[in-house]
Amino acid sequence: MSSAASSAAPSSSAVNKWRFTAAFMCFAVLSGAAFYMTMSVMVPQRLRDLGIENSTAVLGAINSAGSIASIFIALFVGALSDRTASRWGRRTPWIFAGAFVYGICFWSLSRPSNAVIIGICYVLALVGLNMVQAPIYARLSDQVEEKSRATVSAAIGGGGVIGQGIGTLIGSSLIENMELGFVCAGLCALAAGVLSVIVAPREPSSKDMPKDTTGKPMWKVVVESLTPPLKDCADFYRAFICRTCLIVAYQMVFSYQLYILQDHVGETKLEAAASIQIISVITMIVSMIASLISGPIADALHRRKAPIVVACILFAIGLAMPWIFPTQMGMFLFGGIASFGYGMYLSVDQALNVDVLPNKETAGKDLGFMNIATCAGQAIGVAITSSIVTVTGSYVPVFPTAIAMTAIAAVSVLGIKRVR
């Protein structure tokens with residue numbers, strides 16, 4: 001068996017299963033902490049501290065630019081990692097290098113004094129993030145057997161939401177000391193990729209991959225990386241729609257928590273920071289519970305769709321809380337209920353995506369396409385919210401719109417036929 005083939009063979013070792021679980025948890029928690037302390041708290045507040053007019057729209061533009069760039073970065077990196085021949089394997093070199101780009105660029109966000117430079121630094125940080133993220137998700141297909149994927153996926157999903165709680169907690173705590181906050185974000189981003197490589201089982205060497213896999217001209221690699229799955233892919237695109245819509249709904253509210261607390265609830269800067277700290281603790285607790293129970297249950301029941309539908313229902317209920325109760329308590333209820341639902345979804349999400357892949361041999365590229373759902377969802381979500389607030393001057397219409405997107409996600413996943 002070739003090295004390339006062996007890298008695709010699932011590991012049946014229980015020890016390796018838990019090493020992958022721990023490695024992916026490290027990545028998800030630390031990357032989520034870095035991302036959300038930066039983009040949910042520190043960058044939004046920095047824009048306001050700089051006196052930038054209509055900071056809601058500017059934040060939306062920065063997020064949208066980063067998300068659009070991420071679409072192409074994830075596709076290209078995923079395709080290149082499928083063809084990377086090295087003694088360290090196909091994915092590991094990309095993860096390790098990307099971690100340094102990710103960490104340095106997040107730290108550099110502490111330096112700019114205008115929105116344009118902040119936007120450029122953020123896009124460069126996302127280059128690093130996708131160099132780490134796309135190959136890590138491909139390792140789930142390469143080396144984790146199907147019966148364990150929901151459990152390992154739960155580490156990614158639950159860890160990401162826990163990381164969000166940690167990140168917003170740290171970011172809001174350091175809202176008066178931005179320099180230290182951005183240093184923490186950079187260190188978390190760097191550690192996310194490095195620890196995922198150290199903790200996980202070593203990836204088999206790919207240096208002896210067949211020449212026809214690694215020797216294609218660069219233009220062919222580019223064309224193939226931009227070619228979406230075209231055969232036996234209906235379920236793949238149903239999962240794609242589900243992820244896109246749910247992330248749209250998620251970003252519409254979570255990316256604007258600080259502004260919602262200030263402008264919708266009516267809190268001051270410091271009151272909003274204190275509220276975010278409480279929401280962060282709630283998010284961490286409920287996300288940990290969701291990730292601990294959802295992934296193993298999905299594996300035990302051999303089901304993916306039912307947990308996701310339940311997650312969508314809970315997420316929609318959480319979204320309704322600040323709409324019905326425009327108070328601090330409404331935001332606390334949102335943090336608890338919506339985070340539990342979203343944690344449930346993320347606990348099964350990656351397992352579902354791997355199960356509906358059209359071709360396991362192009363897992364990196366195809367999961368790169370699935371990452372378009374994440375990037376497009378982020379861009380669309382922040383664009384919808386910034387547009388609604390710019391036109392209406394209110395956050396009230398944001399919540400029913402996000403609930404409608406969640407309903408579309410639930411309907412999409414119900415249409416999947418390949419998995420139960």
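Start with the aromatic cluster: select Phe35, Tyr36, Tyr122, Tyr250, Phe254, Phe315, Phe334, Tyr342 and Tyr345, which ring pairs link together. The model is a predicted one. Across it, the count of aromatic pairs comes to 16.

As background, an α-helix has 3.6 residues a turn, so residues three or four places apart point the same way. Tyr250 is buried, at a relative accessible area of 1%. Phe254 is buried too, with a relative accessible area of 1%.

Tyr250 is in helix α10 and Tyr342 in helix α14 (residues 328-355), so the pair ties together parts 92 residues apart in sequence. Are these two residues buried or exposed? Tyr250 and Tyr342 are both buried.

Stay in helix α14 and pick Phe332, which lies in that helix. Phe332 is buried, with a relative accessible area of 13%. Show its surroundings: leaving aside residues up to four places away in sequence, Phe332 touches Ser275, Ile278, Ile279 and Ile282. Then draw a distance from the C-alpha atom of Phe332 to that of Gly318; the separation is 9.5 Å, for residues 14 apart along the chain.

Next, display helix α13 (residues 305-324) with helix α16 (residues 398-414). Two packed helices are described by the angle between their axes and the distance between the axes. For α13 and α16, the axes come within 9 Å and cross at roughly 175 degrees. An angle over 145 degrees counts as roughly antiparallel, and α13 and α16 are therefore roughly antiparallel to each other. On the α13 side, select Lys305, Ile308, Val309, Cys312, Phe315, Ala316, Leu319, Ala320, Pro322 and Trp323. Their partners in α16 are Phe399, Pro400, Ala402, Ile403, Thr406, Ala409, Ala410, Val413 and Leu414. Sorted by class, this contact has 17 nonpolar residues, one polar and one charged. Phe315 is one of the α13 contact residues and also a member of the aromatic cluster.

The last stop is helix α2 (residues 14-49) against helix α11 (residues 257-264). Their axes are 8 Å apart and the packing angle is about 55 degrees. That makes α2 oblique to α11. Select Ser40, Val41, Pro44, Gln45, Leu47 and Arg48 in α2, which meet Leu258, Tyr259, Gln262 and Asp263 in α11. The class count for this contact is five nonpolar, three polar and two charged residues. Zoom in on Arg48 and Tyr259: Arg48 lies over the face of the Tyr259 ring, at 3.9 Å from the ring centre.

Now colour α11 by accessibility. How many of its eight residues are buried? Seven are, and the helix is mostly covered. The buried residues are Gln257, Leu258, Tyr259, Ile260, Leu261, Gln262 and His264.

Methods:
Residues are numbered from 1 along each chain as its sequence is written. This is a predicted model: local features need pLDDT of at least 70, side-chain atom pairs count only at pLDDT 80 or more; totals for chains, interfaces and linings use all residues. Side-chain values use heavy atoms; hydrogens and water are left out. Axes are lines fitted to C-alpha atoms, for helices over the stretch in contact, and angles run from 0 to 180 degrees between N-to-C directions. Helices (H or I, at least four residues) and strands (E, at least two) are DSSP runs, numbered from the N terminus. Angles under 35 degrees count as roughly parallel, over 145 as roughly antiparallel, 65 to 115 as roughly perpendicular and the rest as oblique. Contact means heavy atoms within 4.5 Å. Ala, Val, Leu, Ile, Met, Phe, Trp, Tyr, Cys and Pro count as nonpolar, Asp, Glu, Lys and Arg as charged, and the others, Gly among them, as polar. Rings of Phe, Tyr and Trp (its six-membered ring) pair if their centres lie within 6.5 Å; planes under 30 degrees apart count as stacked, over 60 as edge-to-face and the rest as tilted. Buried means under 20% relative accessible area, exposed over 50%, partly exposed in between (1.4 Å probe, protein chains only). A charge sits over a ring if NZ of Lys or CZ of Arg is within 6 Å of the ring centre and within 35 degrees of the ring normal.
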